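My notes follow in the order I took them.

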Amino acid sequence: MSEATTAPPVDAPASDGTTPAPPVVTRLVLARHAVTAQTGPLLSGRQPGIALSDEGRRQAAALADRLAPLPVAAVYASPIERTTETAQAVAQRHQLEVRVLEGVLEADYGEWTGQKLADLAKTDLWKVVQRAPSRASFPGGESLAAMQARMVQALEGVVADHPGALVVVVSHADPIKAAIAHYTGVHLDLFQRIVVNPASVTAFAFSGAGVALLKCNDTGTLDDLRPPPPKQGEQEKDKEKEEAS
């Protein structure tokens with residue numbers, strides 16, 4: 001019989017009898033903004049002045065309710081009205097201020113911004129965007145490859161700034177889809193197969209061992225994103241530190 005190749009559990013005693021410290025896990029929650037009156041028929045892009053609709057405010061409040069029980073350490077948002085409004089609904093429940101994060105901004109669609117999706121679907125570039133997005137570059141805007149790169153760079157910065165915490169970042173459909181593709185090893189040319197609905201949650205766990213996708217386009221309960229409670233020994237150490245301080 002061959003030897004098993006399964007690694008020992010993380011908390012298994014080391015050869016010297018000591019128990020290693022648990023790995024630092026940072027949970028990153030990506031939320032898409034709630035709907036506006038333009039969501040669906042138009043490509044809003046970075047167009048200013050587009051606020052949440054009544055339905056969007058209801059969705060944002062529901063998202064805030066779902067995230068309320070979690071130990072959210074910080075809330076970031078793309079600097080656009082619809083993302084900021086959605087993020088504010090979440091942040092208020094945790095008595096936090098929304099932090100602006102330029103890197104998670106919507107793709108710069110250039111001349112496509114504000115146009116009807118039905119009209120854009122008739123263009124040759126639309127076919128490239130759908131079939132080979134890694135080669136797509138919007139006239140007067142940016143490429144989808146560049147959008148993915150700066151989105152991932154921004155998220156890596158957030159994770160580095162909040163080790164061991166749970167952080168919420170409110171962004172847009174295409175940037176979130178691009179991040180999902182990157183962290184799950186999916187080529188950008190396949191990212192159109194990923195769906196990210198308004199006010200949905202996608203969550204990752206970052207640790208020294210890599211990145212794990214915990215949730216994708218989720219609109220249900222988030223209870224399983226709660227960090228595990230500290231073990232008895234860790235609780236006693238924390239109590240000793242508090243008494244000594």
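Is F206 buried or exposed? I found F206 buried, with a relative accessible area of 6%. I use buried for under 20% relative accessible area, exposed for over 50% and partly exposed for in between, with a 1.4 Å probe and protein chains only.

**Basis.** I am reading a predicted model, in which local features need pLDDT of at least 70 and side-chain atom pairs count only at pLDDT 80 or more, while totals for chains, interfaces and linings use all residues. Residues are numbered from 1 along each chain as its sequence is written, and side-chain values use heavy atoms, with hydrogens and water left out.

**Confidence.** pLDDT is the predictor's confidence in each residue, from 0 to 100. The protein chain averages 90, and 86% of the residues score at least 70. I noted that residues 1-12 have a pLDDT below 50, and that this stretch has five contacts in the model beyond near neighbours in sequence. A contact means heavy atoms within 4.5 Å.

**Chain.** I listed seven helices and six strands in the protein chain. These are DSSP runs numbered from the N terminus, with helices (H or I) of at least four residues and strands (E) of at least two. Along the sequence the pattern reads β-α-β-α-β-α-α-α-β-α-β-β-α. Of the 245 residues, 42% count as buried. Of the contacts with a separation of 6 or more, 70% are between residues 24 or more positions apart.

**Rings.** I looked up the aromatic pairs and found six. Rings of Phe, Tyr and Trp (its six-membered ring) pair if their centres lie within 6.5 Å; planes under 30 degrees apart are stacked, over 60 edge-to-face, and the rest tilted. Y183 and F204 form a tilted pair, 5.3 Å centre to centre with 55° between the planes. Y183 lies in helix α6 (residues 173-183) and F204 in strand β5 (residues 201-207), so this pair ties together parts that are 21 residues apart in sequence. Both Y183 and F204 are buried.

Why is the pair of Y183 and F206 edge-to-face? The planes of Y183 and F206 are at 80°, with ring centres 5.2 Å apart, so the pair counts as edge-to-face. Y183 in helix α6 and F206 in strand β5 are 23 residues apart. I checked Y183 itself: its relative accessibility is 12%.

I also noted a cluster of Y109, W112, W126 and F138, linked by ring pairs. K177 lies over the face of F191, 4.8 Å from the ring centre. A charge sits over a ring if NZ of Lys or CZ of Arg is within 6 Å of the ring centre and within 35 degrees of the ring normal.

**Strand β4.** How many residues of β4 are buried? In β4 (residues 166-171), six of six are. L166, V168 and V170 are on one side, V167, V169 and S171 on the other, and both faces are covered. In a regular strand the side chains alternate between the two faces of the sheet.

Strand β1 (residues 26-32) runs parallel to β4, joined by six bridges. Strand β2 (residues 72-77) is also parallel to β4, with five bridges. I count two strands as paired if DSSP finds at least two bridges between them. V169 is the bridge partner of L30, and Y76 stands opposite V169 as well.

**T86.** I found T86 in helix α2 (residues 81-92), buried at a relative accessible area of 0%. Leaving out residues up to four places away in sequence, T86 touches R32, H33, A34, L52, A60, L63 and V170.
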